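Okay, everyone, thanks for coming. Let me put the structure up, and then we can walk through it together.

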Amino acid sequence: MSEQTNVKELEKVVIRFSGDSGDGMQLAGNLFSNISAAIGNEISTFPDYPAEIRAPQGTLGGVSGFQVHIGKGVYTPGDKADVLVAMNPAALKTNTKYVKPNAVVIIDTDSFQKNDLEKAAFLTEDPFKELNMNSVQVVPVAITSLVKDSLADSGLDNKTILRCKNMFALGLICWLFDRPLDQAAHLLKNKFAKKPSVLEANIKVMTDGYNYGNNIHASVSTYRIETKSAKKGFYTDVNGNRATALGLIAASEKSGLPLFLGSYPITPASDILHELAKRKDLGVKVVQAEDEIAGICTAIGASFAGNLAATSTSGPGLALKSEAIGLAVMAELPLVIIDVQRGGPSTGLPTKSEQTDLLQALYGRNGESPVVVLAASTPTNCFDMAFVASKIALEHMTPVILLTDAFIANGSSAWRIPEMEEYPEIHPQYVYNDLLKDNWKPYKRNPETNVRYWAIPGTEGFMHRLGGLEKDCITSAISTDPANHQKMTDMRQAKIDYIANEIPELEILGNPEADLLVVGWGGTYGHLYSAVESMNAIGKKVAMVHFNYINPMPKNTEEILRRYKKVVVCELNNGQFATQLCAKIPGLTNVSRFNKVQGQPFMVSELTDHFSKLMEE
């Protein structure tokens, strides 16, 4: 390393990889994230890519990005980057607003020629001056030429050689942050095991990128990031979709029931389907159905047959599944519905993130059709909430909708692989022989919980039929009696309400003595918590509660919301949860709203600015 090089010691740092959709920025970012997690850094990632199959190369519409925040006390991918890798002018222009004033910017000078600048709609040949990025530390590297030289004797064709440019950039970033290359090489071996020539080329280019960084004599800051003392165990980098799939598998293990997923591919939920399809070794059965409706109907059939049944989708698919969810409500069968929310309505913004499906999850069915609604808050929390969703569904004989979103589904965090002993057993309420003495019928219920007893087909003496028509509460025969319908409607609602007794109460974070209470739910947790922590760190007292349980809500919800002078509900929608809170708790006059619907997560800075203004009013 050059003696001129400045070393910055930071608790955390943000790196953003950006280039054309074909430049492999997602892979480079994922590998760097895995390396950092393996050496003990906390991480939070944010893949940001276009929905189009492929915009014209070098244009603004084709830019794909991957941001990772590493260090200690990391809860978000970060607002702005300390280091930007810009593989072309379009990547630089698109990401200017996400870069700190004194950031390090690494560019591929081979891709910053006049023609490239014109594609990105630059008016001059000095993009940094044009973008007013005069204070950044530019590291110009002829990445394309260096990669071609590195692989000149590889025997690979030019197209394959150029695909290795991302590995040169990764090697350079690993030098910048003193990351070991052996971990990256191990991950590459797993990815390219069946392509030894491609594997060898990627490892060579990555190593050359690292050595290039080590040999340059530019006056550029490098970074030393302290690692966190973590609880002993096995750690990995996991995104929310994979964690969700693993949570379902864990619930299958704890319940002793086979896991069945009936689903249809849809962005950004498809990875759940892909991950579970790999797990035949664990007895997982997956059906990729012809459409969303068929997917959930196969799951309902599997549930009736005695499986832990699930279906995965996003907002448009949840709309299509609504009638079948109503059938599961009426039949009172356990079912887990995972909705990975994306920008809408209609096809909307398929690769972007919102929280706009909440009211659909709560009310988007015909009739009085109550279901449990949960929300995961981080990529790793997806594991826990998928487990909890399965436990509630099986033990209370109800559909459960688990809301995640594109941000936490595609984003990743360092995760300590848990021991199964840390999770409770799951005990479905099966029928038992003594019920036969009491003239058992399919809608016989536990008198305390209103949970219908579950008779698995083939259990001797418990032959039965279920369906979508209303049933008599005593005989379980089809009934159109008005009073019976009222009673059955009330019992289905009471069954859901009872679950509030078995979920944790809200925990107040931040400063409990504050005048301002910040309220959030789902995937906004990291940004809200970071904002609240930063406010308290400068002496501005702010408290926070975050909801994982939406319906039913924790029992202490009303007491906490009435305790504070000011309450602000922050959501990536136009106020759906705030509307739900005010509907459930009449007379709340202290609630304001802070909303954003841009397909992007909150920025910590915009939250702290808004909270400060509220406190001054």
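Here's one to start with: which residue in β19 is the bridge partner of Gly510? It's Ala543.

Before I go on, a word on what you're looking at. This is a predicted model, where local features need pLDDT of at least 70, side-chain atom pairs count only at pLDDT 80 or more, and totals for chains, interfaces and linings use all residues. Residues are numbered from 1 along each chain as its sequence is written, and side-chain values use heavy atoms, with hydrogens and water left out.

The strands β17 and β19 (residues 542-547) run antiparallel and are joined by two bridges. They belong to an open sheet of five strands, in the order β17-β19-β18-β21-β22, with mixed pairing. At the edges are β17 (509-510) and β22 (591-595); each has a single partner strand, so one side of each has no neighbour in the sheet.

Two helices lie across this sheet's strands. Helix α22 (residues 576-584) lies across β18 (516-521), β19, β21 (566-571) and β22, at about 135 degrees to β21. Helix α23 (residues 604-616) lies across β18, β19, β21 and β22 too, running at about 160 degrees to β21. Those angles run from 0 to 180 degrees between N-to-C directions, using axes fitted to C-alpha atoms, for helices over the stretch in contact; contact means heavy atoms within 4.5 Å.

Now the other sheet I want to show you. Seven strands form an open sheet, in the order β11-β10-β12-β13-β15-β14-β20, and again the pairing is mixed. Its edge strands are β11 (285-288) and β20 (549-551), each pairing on one side only. On average, neighbouring strands here are turned by 20 degrees against each other, direction ignored. At the β11 end, β10 (residues 259-263) pairs with β11 in the parallel sense over four bridges, and Leu261 stands opposite Val286 in β11.

Most residues other than glycine have a negative phi, and most peptide bonds are trans. So where are the exceptions here? The bond from Thr267 to Pro268 is cis, with omega near 0 degrees, and Pro268 sits in the loop between β10 and α11 (270-277). The bond from Gly344 to Pro345 is also cis, omega near 5 degrees, in the case of Pro345 in the loop between β13 (335-341) and α15 (358-363).

As for phi, Met397 has a positive value near 50 degrees, in the loop between α16 (381-396) and β15 (399-405). Asn439 has a positive phi of about 55 degrees, in the loop between α18 (434-437) and α19. Buried or exposed? Met397 counts as buried at 0% relative accessibility, whereas Asn439 is exposed at 56%. The cut-offs are under 20% relative accessible area for buried, over 50% for exposed and partly exposed in between, with a 1.4 Å probe and protein chains only.

Last stop: His485, in helix α19 (residues 482-498), is partly exposed at 41%. Leaving aside neighbours within four places in sequence, His485 is in contact with Glu470 and Arg492.

Technical notes:
Two strands pair if DSSP finds at least two bridges between them.
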